[in-house]
Amino acid sequence: MEQFLVPSDIIIVIFSLLEKGKTIPADKNFLYGKFFELSKEFPNLFEDFIFDESKVYPLCEAVDDAIDRIIGYRMAEWKLLECNYTLLPYLAEKGKELMELFSVAGKDQLSKVAQKFSEMISKKCACGECG
């Protein structure tokens, strides 16, 4: 992992690279699963992540920490009726700050992961009702 970062910083950067105003599912179990899939495809980026595979969903403290930080620092807005969060401009600013701590190769890999993650969450709504 890049210098001076904690694992949740990587998640924050990935979210920050999504388009402004993008909505993400509020279902943490859904997000655990997606980041677990990404960790298999990009193992060196997720090397410090621990996924508890003994659970129904691969629980990950770093994903929890990142979501708590994003919500706590108002980098996303909760949309109760839509079962999701809308990403706010402050998230992009924070992500840009954190991105500066990565090497050129790390930045390139994060961009690829963010693109893949965007495709993954666009395919299915996490609430299971919308399809």
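**Close-up views of a predicted model**

**View A. Tryptophan 78 on its strand.** Tryptophan 78 lies in strand E4, which spans residues 76-79. The structure shown is a predicted model. With a relative accessibility of 43%, tryptophan 78 is classed as partly exposed, because that class covers values between the 20% limit for buried and the 50% limit for exposed residues.

View C. Lysine 22 occupies the loop between helix H1 (7-16) and strand E1 (23-25). This lysine is buried, yet has no salt bridge. The nearest side chain of opposite charge belongs to glutamate 19, at 4.9 Å; the pair does not count as a salt bridge because the cut-off is 4 Å. When neighbours within four places in sequence are set aside, the contacts of lysine 22 are Tyr85, Thr86, Leu87, Ser118, Ile121 and Ser122.

**View D. Helix H1 and its packing partners.** Helix H1 is mostly covered, with nine of its ten residues buried. These buried residues are Ser8, Asp9, Ile10, Ile11, Ile12, Val13, Ile14, Phe15 and Ser16. They pack against two strands, E1 and E5 (84-87), and against four helices: H2 (28-41), H3 (61-72), H4 (89-99) and H5 (104-123).

Definitions and conventions
Residues are numbered from 1 along each chain as its sequence is written. This is a predicted model: local features need pLDDT of at least 70, side-chain atom pairs count only at pLDDT 80 or more; totals for chains, interfaces and linings use all residues. Side-chain values use heavy atoms; hydrogens and water are left out. Buried means under 20% relative accessible area, exposed over 50%, partly exposed in between (1.4 Å probe, protein chains only). Lys and Arg count as positive and Asp and Glu as negative; His and the chain ends are not counted. Contact means heavy atoms within 4.5 Å.
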